[in-house]
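I am opening my notebook for a new structure. Please have a look at it with me before I start writing things down.

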Amino acid sequence: MDFRISDDARAVADLCRTFAATHLAPFARERDEQGRFDAAVVRQLGDAGILGGALPTDVGGRAWSKVAYALAMEELGAVDNSWRGFVTVQGSLVGLCLLDHGDATQRREHLPPLAAGTRIYAYALTEPSAGTDVAALSTRAVPDGDGWRISGEKHWITNGGAADFILVFATVDPALKHKGITGFLVRGDAPGLVRRPMEGSELGHRGSNHARLVFDGVRVGPSDVVGGVGKGFRVAMGGLEHGRLGVAAGAVGIQRACLDEAVAFAKSRRQFGQRIGDFQMIQKVLADMHANLEASRLLVMKAAALKDAGLPNQREVSTAKLFATDAAVRAADETILLLGSRGYTSLSPAGRMLRDAKGMQIYEGTSHVQRLIIARDLLGKDEG
Ligand SMILES: Cc1cc2nc3c(=O)[nH]c(=O)nc-3n(C[C@H](O)[C@H](O)[C@H](O)COP(=O)(O)OP(=O)(O)OC[C@H]3O[C@@H](n4cnc5c(N)ncnc54)[C@H](O)[C@@H]3O)c2cc1C
């Protein structure tokens, strides 16, 4: 086993670290406090080559390895998970879905602007009454001439209010359960589509754009179908599997940022005549955070390396997401305590990191769901 990172992958990490330091870090606190989605960043991500990082070069991408992609998401996640989340949704959930399941025309029409950041894309699966239970979705695609009319409601859709195109999952026949689900590319300004911000204010990812989408007879044609009629469940699950690696890597970034902040504070803050880092109780916290960070990163890198090698990786990706997001929540929580009152203010990013990490335990399959995936893989089919 070779633990060295290739020069190409390191260059990708360096690129993303510089991007995050220049375009994200100076504004992350303000965007979070104001709940502001700053669309100008999309083009900056495109110009830097980050949005299309995971895509092949013939569609404007950079053909990064999965290891490089994971390092990129760690760098963005260490600074701002609203924007790491944007890259995951646009680049992986939609971009890789279209690469895997789109036809030649869809790939040609959509992937170059997606990679360049000249268009914004969203992935709309979740509904008020169908979250984890995807097969229960009730958004209908009713036949209309050579196409369909979509009616129903989606919520919590990242980029939903800003997207030029939305990959929408609807059923052509609810009785068919998951075999009726079909993916459609819908224009953000399509007649019959109403987009509203989510009610309330989100706990985290406040620099993102989350929307409720109401479809009232939105017309789509045969050329808008992604992956075939009745094949949308596979398309949707494929998108989530691509995205999970980015979420897990982003959670590694959170742990790294928290550990850096905690160590710096433990070295500089003095109480009872000594550095607080010289108290064994503080040392335990730092050592545990370090061990969890290392374990999370190794899990992410193993999952990424399996993907690069074209080997089965579902259990490994779920293990990485489960472990890394749970550890990110603990790391941010411990950092706030370790910083004392200084951790209990937005001047420290730890509070934002904690709120973002909670979201990362929820989307692209909750921590409960990752455990289900892992356990089902361990147990296999009941042969009895
Ligand atoms: C910040 C953020 C961004 C999001 N972005 C998007 C997006 O871009 N597109 C999109 O389509 N969706 C998006 N979502 C929605 C997200 O995917 C769902 O919230 C998630 O799938 C869970 O669905 P739910 O919230 O309806 O919870 P539910 O499915 O109702 O689950 C409630 C609880 O029950 C548990 N549970 C459910 N079923 C089981 C089971 N079989 N076994 C054990 N426990 C179970 C869950 O783990 C959870 O704890 C986003 C959510 C957030 C928070």
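My classes put Ala, Val, Leu, Ile, Met, Phe, Trp, Tyr, Cys and Pro under nonpolar, Asp, Glu, Lys and Arg under charged, and the others, Gly among them, under polar.

**Ground rules**

I note that this is a predicted model, where local features need pLDDT of at least 70, side-chain atom pairs count only at pLDDT 80 or more, and totals for chains, interfaces and linings use all residues. Residues are numbered from 1 along each chain as its sequence is written, and side-chain values use heavy atoms, with hydrogens and water left out.

**Entry 1: the second largest pocket**

I looked up its volume and found about 420 Å³. Of its 13 lining residues, Asp2, Phe3, Leu298, Met301 and Lys302 are the closest to its centre. Helix 7 (residues 280–308) provides the largest share of this lining, 7 residues. Helices (H or I, at least four residues) and strands (E, at least two) are DSSP runs, numbered from the N terminus.

I wrote down what a pocket is: on a 1 Å grid over the protein atoms alone, it is an open set of points with protein on both sides within 12 Å along at least five of seven lines. A cavity is a set of points where a 1.4 Å probe fits but cannot get out, and lining residues have an atom within 4 Å of a point. Grid points are joined across faces, edges and corners, and a volume is the space filled by probe spheres set on the points.

**Entry 2: a nonpolar patch**

Next I followed Phe3, which lies in the segment before helix 1 (7–34). Phe3 has a relative accessible area of 59%, so I call it exposed (over 50%; buried is under 20%, partly exposed in between, with a 1.4 Å probe and protein chains only). Together with Met1 and Leu298, Phe3 forms a nonpolar patch on the surface, with about 440 Å² of accessible area. Areas come from the Shrake-Rupley method with a 1.4 Å probe, and for residues only the protein chains shown count as cover. Patch members have over 30% relative accessible area and no salt bridge; nonpolar side chains (Val, Leu, Ile, Met, Phe, Trp, Tyr) are joined within 5 Å, like charges within 9 Å.

**Entry 3: the largest pocket**

I found about 1300 Å³ of space here. The lining has 42 residues, and Leu240, Ile362, Tyr363, Glu364 and Gly365 lie nearest the centre. Helix 4 (81–101), strand 3 (147–158), helix 6 (232–268), helix 9 and helix 10 (367–379) each give two or more residues to the lining. Helix 4 gives the most, with 7 residues. By class I noted 17 nonpolar, 16 polar and 9 charged.

**Entry 4: closed spaces**

Rolling a probe the size of a water molecule over the atoms shows where empty space is left. My search of the whole structure gave 2 cavities of 30 Å³ or more. The largest cavity holds about 50 Å³ of space. Its lining has 1 nonpolar, 3 polar and 6 charged residues, and among the lining residues are Arg31, Asp32, Asp80, His205 and Arg352. Helix 1 gives the most to this lining, with 3 residues; helix 1 and helix 9 (350–360) each supply at least two.

**Entry 5: salt bridges**

Side chains of opposite charge can pair when their charged atoms come close. I found 25 salt bridges in the whole structure, each a side-chain nitrogen of Lys or Arg within 4 Å of a carboxyl oxygen of Asp or Glu.

Glu75 pairs with Arg256, the closest N and O atoms being 2.9 Å apart. Glu75 sits in helix 3 (residues 66–77) and Arg256 in helix 6, 181 residues apart. Is this pair buried or exposed? Both Glu75 and Arg256 are buried.

Asp144 pairs with Arg219, the closest N and O atoms being 2.8 Å apart.
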